[in-house]
Amino acid sequence: MRAIIGPVALVDCNNFYVSCERVFDPGLLRKPVVVLSNNDGCVVARSNEAKGLGIGFGTPIFKCGELVRSKGLKALSSNYALYGDMSRRVMDCLSRFSPRIETYSIDEAFLDFSGIPLTERTAYAHQLRRRVLKEVGIPVSVGVATTKTLAKIANKLAKRNAGLKGVLDISGEVDMDALLSAFPVSEIWGVGYRYSQTLNRHGISNALQLRGADFSWVRKKMTIKGLRTVLELRGISCMPLELMSKDKKAITSSRSFGKPVVELDELKEAVATYVSRAAVKLRAQGSLAGTLMVFLATNRFKPDDPQYSNFLHLNLPTATSDSPELIRHACFGLQRIYREGFSYKQAGVILSNFSSERHTQLDIFGAEEKRERGRKLMGVVDAVNLRFGRGTLEFAACGLEQPWKTRQEMKSPAYTTNWDQLPVVRA
């Protein structure tokens with residue numbers, strides 16, 4: 001469902017992963033903090049203090065040892081259950097400021113501000129910031145403009161200028177030429193590294209120059225998406241709010257292993273676990289998968305080790321969202337591509353070719369009764385795991401000890417999704 005809108009606000013959570021951790025551990029405030037990728041490998045989120053130490057996105061944590069010792073850098077493993085739940089709370093809070101909201105990512109949302117008078121928009125955005133901080137504990141920045149692309153620019157400028165206190169409205173009378181001329185073209189939403197290099201070679205280095213570029217040239221060099229960006233920079237909305245989330249067309253579930261895996265049985269446990277997680281997302285959007293792809297690979301960053309990778313597409317006899325059935329097909333596919341003598345670093349599955357659960361093709365062999373039992377069983381499993389936390393009920397094929405699991409040695413508790421890990425306050 002699309003809606004034609006007027007001014008739009010982009011609300012972006014500041015250093016979201018780090019901010020989530022700080023809500024429940026105030027001892028992290030005003031200290032350099034980083035959140036790490038799977039297996040505690042590289043930096044994927046940084047506090048402003050960590051950025052000030054020169055730590056870049058993607059920096060391997062082993063290169064930060066001296067900063068840990070000398071500057072008190074705190075490193076944490078990713079806690080996606082916490083971040084997902086905190087994101088939901090932020091979005092719930094934002095929805096009370098505008099009924100028309102597009103959740104763009106885990107830490108960003110576009111809000112329709114067309115009902116807010118021009119003279120009140122900045123004050124309204126500040127009120128929004130205060131409410132989210134008070135109710136959820138997450139600091140946000142707000143950029144307001146006539147298009148999504150300009151709202152993105154306003155948001156970035158609001159983050160960088162402390163004097164703006166997290167809010168910038170450029171939907172009214174502003175010196176747009178001066179603002180855009182100081183904004184690098186490489187940072188414009190949707191431009192990306194490759195297009196920015198092309199633009200730089202042709203003398204276009206800032207947003208003002210791109211705004212004035214010839215339409216036919218832009219379309220030739222950057223396709224229709226680039227043309228939309230130019231129009232949006234000119235204040236013409238080409239990307240209205242998506243008021244309803246789109247169903248995924250494919251679901252991938254994969255992780256790097258915490259240690260090299262050699263045995264087929266351990267690989268089967270990992271693949272069964274990944275399939276189970278993908279199936280939960282599949283059922284949540286009311287879809288059935290008609291195709292399953294299973295893949296595995298060794299560690300390409302160790303070129304001296306024997307290398308092998310492979311994948312297999314399986315067209316399922318009947319589209320399904322039943323976890324046991326998907327596990328059975330995935331393990332069958334894994335067995336066909338597995339080769340002995342290799343140390344595997346990663347495996348995973350991709351579900352695709354979706355159809356609606358409401359329009360299921362009947363099985364000519366009369367397996368509807370079995371399918372209905374499976375639907376009821378999956379409903380019970382999902383309900384229990386939703387109420388008591390993921391992993392409360394698991395399939396035996398996923399294993400018990402799971403020695404292959406992703407390494408997360410510095411993970412914070414599941415403060416909001418696990419009864420046993422709720423924070424305790426002593427007065």
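**Entry 1: the pocket**

I looked up the second largest pocket of this predicted model, and its volume comes out at about 940 Å³. I then asked how many residues line the second largest pocket. The count is 32, and Asn14, Asn15, Asn48, Lys51 and Lys159 are the ones that lie nearest its centre.

**Entry 2: who builds the lining**

Next I checked which helices and strands take part. At least two lining residues each come from the strands β2 (8–13) and β4 (43–46) and from the helices α1 (16–24), α2 (48–52), α5 (121–135) and α6 (148–160). Which element gives the largest share of the lining? That is α1, with five residues.

I also sorted the lining by class. I found 12 nonpolar residues, 12 charged ones and eight polar ones.

**Entry 3: a visit to Asn14**

You can find Asn14 in the loop between β2 and α1.

Is Asn14 buried or exposed? Its relative accessible area is 17%, and buried means under 20%, so Asn14 counts as buried.

**Entry 4: the partners of Asn14**

Now for the side chain. I noted a polar contact of 2.7 Å between the side chains of Asn14 and Lys159. Another polar contact, at 2.9 Å, links the side chain of Asn14 to that of Ser141.

Last, I set aside the neighbours within four places in sequence and listed the residues in contact with Asn14: Ser19, Pro139, Val140, Ser141 and Lys159.

Methods. Residues numbered from 1 in each chain as written. Predicted model: local features only at pLDDT ≥ 70, side-chain atom pairs only at ≥ 80, totals over all residues. Heavy atoms only, no water. 1 Å grid on protein atoms, 1.4 Å probe; cavity = no way out; pocket = protein on both sides within 12 Å on 5 of 7 lines; lining within 4 Å. Points joined across faces, edges and corners; volume = space filled by probe spheres on them. Helix = DSSP H or I, 4+ residues; strand = E, 2+ residues; numbered from the N terminus. Nonpolar A, V, L, I, M, F, W, Y, C, P; charged D, E, K, R; others polar. Buried < 20%, exposed > 50% of the residue type's maximum accessible area, 1.4 Å probe, protein only. Polar contact = N/O pair within 3.5 Å; in protein donor to acceptor, adjacent residues only side chain to side chain. Contact = heavy atoms within 4.5 Å.
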